[in-house]
Amino acid sequence: MNAAILVQAAGEFTRTSGGEAATFWVLAPVAVLAALGMVLARSAVHGALLLVVNLFCLAVFYLLQDAPFLGFVQIIVYTGAIMVLFLFVLMLVGVDSADSLVETLRGQRMAAIVLGAGFAGLLVFPIGGVISGTKAAGLAAANNGGNIQAIARLLFTDYVFAFEIVSALLIIAAVGAMILAHRERAGGKITQKEMLRRRFAAGGPVTPVPGPGVYARPQAADVTPALPPASDDPGHPGDSGDSAGGDADSPHPVGAGKGAAR
Amino acid sequence: MLSNYVPILVLLVIAAAFAIGSVIMGSLVGPKRYNRAKLDAYECGIEPSPEPAGPHRFPVKFYLTAMLFIVFDIEIIFLYPWAVAFGSLGIFGLVEMVLFIATVFVAYAYVWRRGGLEWD
Amino acid sequence: MSYPSSFGAPAVPPLAAAGDPDLSVFGGDPLWLILLKAVAVFAFLLLMTLFAIVFERKVVARMQQRVGPNRHGPKGWLQSLADGVKLMLKEDIIPVLADRPVFILAPVVSAIPAFLAFSVIPFGPEVSIFGHHTALQLADLPVAVLFVLSASSLGVYGLILSGWASGSTYPLLGSLRSAAQIISYEVAMGLSFVAVFLNSGTLSTSGIVAGQRHWWNVVLVPSFIIYCIAMVGETNRTPFDLPEAEGELVGGFHTEYSSIKFAFFFLAEYINTVTVSAVATTLFLGGWQPPPIPYFSHFDTGWFPVIWFVLKLLAFLFLFIWLRGTLPRLRYDQFMAFGWKVLIPVGLVWLLAVATFKVYRENVTDRTPWLIGFGIAVGILLIITLVDPGARKHAERLEAAERERTRNAPSLDRIPWPPPQPSSKSPSPPYGPGPNRPSSVIVAGGPRQES
């Protein structure tokens, strides 16, 4: 059935040039392999990358079939926007190569295979049924006046209702993302002034504590730096702020003045 | 039609050959002096944190940005054929695009209003 | 097709395009010519990168009253070449935690689309090369601008992948930041193009340049300004160079990269700078068209236009460097807020205004009542802006909130100084000069003695 259509198509257009066929036969296996790799890759990011390869191959197929607008839109929207979203999400949830491969839902692999095969059948048979009965209008008619102009003519006259529906879909996408990802903040935004006030009022060390291996315990300019005493443990002076008790752990000499005052 | 892509393909081959060739060359030409510290992740001299992303991962904010980007990207993709064919669409084209933009703008205004565009 | 097939032909009315411009001049080149042009574009980009790096360092040095590079080659102009050779000879380090294949792939992925985007930029009109008639443009497509956009959207992968594959904190943060930044400003960039397409009726770059014979699209001022801002954001350059904010993120996504791989990120960044400048030249500044000055405007055939093109390109490069020499880096939240809350609404409103104007010009014959109505509307808006009825209320509310906050917040006078120590025992300094050192004699009494 399909072979007959192909023969008919080839007879009608005789446009399947050598270059077109060659590109197809080079990229089609790449696309299939990338799709398989996407499913089988152990690392989620590798899977996403293979999906990018697959989508890119599809875009080239669109170009091959004289649909340049669709081809580049495929690259811009799918590989450029949607896959970037995927990668963001993968980074948000954390990407370790040690991701668990244990099935959390029992039998989901079997279900996925069955459903995938079913969906493929659903895609193939109706489409095959549709194209076997009809006669192609031809690229010359479809791209009359230019590819983009032809698309615009169809999109903004015959399919204007569908086009407006898309905007509603976009609203749903934005609102859904807000509900999933946005956390309302109670009260207004804290200004930097306010943050500084809070930091000082809370007491304790005002500056960040030094990293491990740093000997300057007090970080104020009014304290002369001292070398670590030989007896003191040189290990972790970074916790000078919250170490409780002990003469050796109270490095602020200015504390003496305050203690005497109270 | 397809012949228009041939020069792009040629440039692609040249650029790819240059890039891949240089990367291979670079790994061959340069010295190899093993040093454990060199192979560690660089974190300004302190001990590198064991996990790249840290315990808190990332602000989920980035997800929202990417989603909004998709919304606007699709809007722009619709705008291009509209702009190209605008001469023949006339007032009808203007009205339908105003409706479309206004509808998408509702989503934008909602996200803005709820503070989705704030970064802190 | 309404466009004449030759570029030197009389101007096409820019508002009357009903089909794609005739691109038959492209795609008919023999293979040797295609190779020649591809190599020429490639070499042009490499040379521009080498030039731009030294140019940037020299100009920034002048702006900062320094001398700049002056050792390698005549007056230091070979400095970037020397740097490149040196980078090539450096050790190539791949961190242990890195994901090796992706780590190696990332610089390649970021460099290749940068080269490709330039293939649809017109350098000049049709010329004759060795007796062969051809356009000074590697390729053109009916959707050439979409091609540029898709190349830039593929370039984002280089950043994301490099940050992820490094297996380190700073690159990951930097790459996420830069990806978010680039996609945010890509929206504004895409919006700014729409007014140009409304004007030219085509997406092909040669068609857009041909349509600007009399009027450069720079008359679409808001679009041009939005594009100029967005292109700086797209290329991660100062004042929008947050991904590599040295003070916070060390180097951003390429922190872990060394040797030639680092050089490729550098190369991609500069090529992207050149490319966005070329796109700006093509879409807004008339591409290779000579400036509309009576004497100059005759030089629009043969190889002369290449000079105009390169001059305009250099002007944009200088603008980039000037910005870098002048402006400090923005804070990330301000930067994102600017992109999403200012550029995008302004872009949308402006493109609707252009479309409305176009419809008005074509469909309305008796213009007086419309003009009066438009004038009244603008007047009302102006008055509203000037009077700004909500402003006082808003200011009062802000003031009240600030007063409330000041009252609730601990004032600086009540802040204990020095900060309270958690230690309970008698606090004598464990080491140091002893109890009579000067800093310990803060007088008890006043809550705060020092500044």
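Which helices do the buried residues of H3(C) pack against? In this predicted model, the partners come from two chains: helix H1 (6-29) of chain B on one hand, and H1, helix H4 (144-165) and H9 of chain C on the other.

Chain C contains 13 helices and 2 strands. Of its 451 residues, 47% count as buried. Contacts in chain C with a separation of 6 or more are accounted for to 76% by residues 24 or more positions apart. Chain A, with 262 residues, has 22% of them buried. Its secondary structure consists of 10 helices and 0 strands, so that reading from the N terminus gives α-α-α-α-α-α-α-α-α-α. For chain A, residues 24 or more positions apart make up 56% of the contacts with a separation of 6 or more.

Returning to H3(C), this helix has 17 residues and reaches 25 Å from its first C-alpha to its last, close to the 24 Å expected at 1.5 Å a residue. A bend of about 30° is found at Ala106(C), and a proline, Pro107(C), follows within four residues. Both Ala106(C) and Pro107(C) are among the buried residues of H3(C), which also include Phe103(C), Val109(C), Ile112(C) and Phe115(C).

Helix H5 (residues 169-200) of chain C has 32 residues, and its span of 46 Å from first C-alpha to last is close to the 46 Å expected at 1.5 Å a residue. H5(C) is mostly covered, with 32 of its 32 residues buried. After H5(C) comes Gly201(C), with a positive phi near 70°.

Where chain C meets chain B, the contact takes 74 residues from chain C and 59 residues from chain B. On the chain C side, the elements giving two or more residues are helix H1 (31-63), helix H3 (100-116), H5, helix H9 (259-284) and helix H11 (332-363). H11(C) provides the largest share of that side, 14 residues. By class, the side of chain C that touches chain B holds 51 nonpolar, 13 polar and 10 charged residues.

Chain B also meets chain A: 42 residues of chain B are in contact with 43 residues of chain A. Helix H3 (61-84) and helix H4 (86-113) of chain B are the elements that give two or more residues to the chain B side, and H3(B) supplies its largest share, 17 residues. This side of chain B is made up of 31 nonpolar, 4 polar and 7 charged residues.

How values were computed
Residues are numbered from 1 along each chain as its sequence is written. Chains are lettered from A and ligands numbered from 1 in the order in which they are written. This is a predicted model: local features need pLDDT of at least 70, side-chain atom pairs count only at pLDDT 80 or more; totals for chains, interfaces and linings use all residues. A residue is buried if 20 or more other C-beta atoms lie within 10 Å of its own, exposed if 12 or fewer, and partly exposed in between; C-beta atoms are placed from the backbone. Two residues are in contact if their C-beta atoms, placed from the backbone, lie within 7 Å. The expected span of a helix is 1.5 Å times one less than its number of residues. Ala, Val, Leu, Ile, Met, Phe, Trp, Tyr, Cys and Pro count as nonpolar, Asp, Glu, Lys and Arg as charged, and the others, Gly among them, as polar. The bend at a residue is the angle between axes fitted to the seven residues ending there and the seven starting there.
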